[in-house]
Structure formats: C-alpha cells, structure tokens
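Here is a short report on one protein chain. Look over its sequence and its fold before reading on.

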Amino acid sequence: MWTVIYIAPSAKIAEKIQDRLTEEGFLVKVRSIQHGKQYEVLVPESELDDVREALAYILQS
C-alpha cells in the first residue's frame, strides 16, 4: 500500500523530492491534488521509516 510522506506546494518541489528519494533507492510516486495546486509524494508503507529519515535529510539541505 502506498502512503503519503509529504505534500509539496509545487510540482518542482515534488519532483526534486522524488528524484532525491529515487537516488537513495526508494520507490516513489507523485500525484496532483487540489487541481494541481499541491502534490502528494507517496512511498510504499513498508519503506516508511527509512524514507522518513532520508526525507528529513533532504528537507534540511
């Protein structure tokens, strides 16, 4: 099952997060919500704990 890990305010930010997480070896999906005004970044539930750690590092940089 896919789980939302982050809601990005733009497609550019969502894509940056997706690219960085993919580089780390995670499966990632992005989908538009609110008619393209926000974007959900989703990961498999089984990877949630590991992705949280990687995402915290990505958001700090």
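The report goes from the whole chain to single residues.

## Ground rules

The model is predicted, so local features need pLDDT of at least 70 and side-chain atom pairs count only at pLDDT 80 or more, while totals for chains, interfaces and linings use all residues. Residues are numbered from 1 along each chain as its sequence is written, and side-chain values use heavy atoms, with hydrogens and water left out.

## The whole chain

The protein chain has 2 helices and 3 strands. Both kinds of element are DSSP runs, numbered from the N terminus: helices are H or I with at least four residues, strands are E with at least two. From the N terminus, the order is β-α-β-β-α. The radius of gyration is 11 Å, close to the 10 Å from the globule rule for 61 residues, so the chain is as compact as a globular protein of that length. That radius is taken over C-alpha atoms, and the rule is 2.2 Å times the number of residues to the power 0.38.

Of the 61 residues, 31% count as buried. Buried means under 20% relative accessible area, exposed over 50%, and partly exposed in between (1.4 Å probe, protein chains only).

## The sheet and its helices

The 3 strands form an open, antiparallel sheet in the order β1-β3-β2. Two strands pair if DSSP finds at least two bridges between them. The edge strands, β1 and β2 (29-33), each pair on one side only. β2 and β3 pair over 5 bridges. Val-30 stands opposite Val-41 in β3.

α1 packs on the sheet and touches β1, β2 and β3. Touching, or contact, means heavy atoms within 4.5 Å. α2 lies across β1 and β3, at about 15° to β1. Axes are lines fitted to C-alpha atoms, for helices over the stretch in contact, and angles run from 0 to 180 degrees between N-to-C directions.

## The core

The largest nonpolar core has 15 residues, with Ile-5, Leu-21 and Phe-26 among those with the most contacts inside it. Such a core is a set of buried Ala, Val, Leu, Ile, Met, Phe, Trp, Tyr and Cys residues joined through side-chain atoms within 4.5 Å. α2 gives the most to this core, with 5 residues.

## A closer look at Glu-40

Is Glu-40 buried or exposed? Glu-40 is buried, because its relative accessible area is 12%. Glu-40 is found in strand β3 (residues 38-44). Its side chain makes a polar contact of 2.5 Å with that of Arg-31. A polar contact is a pair of N or O atoms within 3.5 Å; within protein, one must be able to donate a hydrogen and the other to accept it, and residues adjacent in sequence count only if both atoms are side-chain atoms.
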